[in-house]
Amino acid sequence: MGNCLLRNRCPSSRNQPEEAKNQPVKSELPVWSAERSITTEQLMRKRAEFWDTSPAYEGRKEIWDALKAAAEALETGNRDLAQAILDGASITLPSGFLSDCYDELGCRYVLPPYVLSRPTNIVTAKPEPSNEPVIPASPVTMAPDMYLKIRLSIGDATTDEKLPVNSLERIADVKERIRQNHNLGLSRIRMICCGKILNDKTAIKDAKIPKSFIVQVIVSTDLE
């Protein structure tokens, strides 16, 4: 499975057909088979390679980040969260599928099937430890000075919460508190605001979260 797919074209003129209309994202995932059977680890490495290199081609990094988050949400069955991410990033789907979409500038983004769903001939293997860097939470507990509204999505379950936080805390600290409050163990946690994935090193006060905005929190309990 080569990785030579042309991901998008973004000329100076708009690439999106004038007659195209935005459609709600569809929950159907592409059904496909790899050229030869692959393991979960091989699929995840191929996905990581695509998402890591896509911004080097034409297109905006924040849109690629939003598409990645939306694709992961859709694959876990959370269509509403995927739609919220797309709306927040002003991404248009003329066909209703993530495989072909546009940003508000008319730049086209094409996603291959292997980042949207798993192949029919995937082979189960022992998961490898995540390569995601672990940023330790701050050892000092700061008194809360605000509430952060979050929408926590774990699989098909979604709950809204008001989390007491200190504006000087980092996103990594908030993730750790969510992890402890819900006994999430080594599950991967992503926090998304306005279609953008929040960086672990960013302080809450610097994250530019709009007042009363609900931050999407996606918990991945399997290898993603």
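**Strand 9 and its surroundings**

Guide: Strand 7 (residues 188–193) pairs with strand 9 in the antiparallel sense over five bridges, where two strands count as paired if DSSP finds at least two bridges between them, and where strands (E, at least two residues) and helices (H or I, at least four) are DSSP runs numbered from the N terminus. This is a predicted model, in which local features need pLDDT of at least 70 and side-chain atom pairs count only at pLDDT 80 or more, while totals for chains, interfaces and linings use all residues. Residues are numbered from 1 along each chain as its sequence is written, and side-chain values use heavy atoms, with hydrogens and water left out.

Strand 9 itself, residues 215–220, is mostly covered, with six of its six residues buried, buried meaning under 20% relative accessible area, exposed over 50% and partly exposed in between, for a 1.4 Å probe and protein chains only. V215, V217 and V219 point one way from the strand, whereas Q216, I218 and S220 point the other way, and all are buried.

These strands belong to an open sheet of five strands in the order 6-5-9-7-8, with mixed pairing. Strand 6 (157–165) and strand 8 (196–197) stand at the edges with a single partner strand each, so one side of each is left without a neighbour in the sheet. Strand 6 runs antiparallel to strand 5, to which nine bridges join it, and L163 in strand 6 is the bridge partner of L148.

Helix 4 (residues 171–181) packs on the sheet, touching strand 5, strand 6, strand 7 and strand 9, and its direction makes about 125° with that of strand 6; such axes are lines fitted to C-alpha atoms, for helices over the stretch in contact, and the angles run from 0 to 180 degrees between N-to-C directions. Helix 2 (residues 61–75) lies across strand 7, strand 8 and strand 9, running at about 125° to strand 7.

In the loop between strand 8 and strand 9 lies I204, which is buried, with a relative accessible area of 5%. Leaving aside neighbours within four places in sequence, I204 is in contact (heavy atoms within 4.5 Å) with M146, V165, N166, S167, E169 and V174. I204 and V174 are 30 residues apart in sequence and 8.8 Å apart in space, C-alpha to C-alpha.
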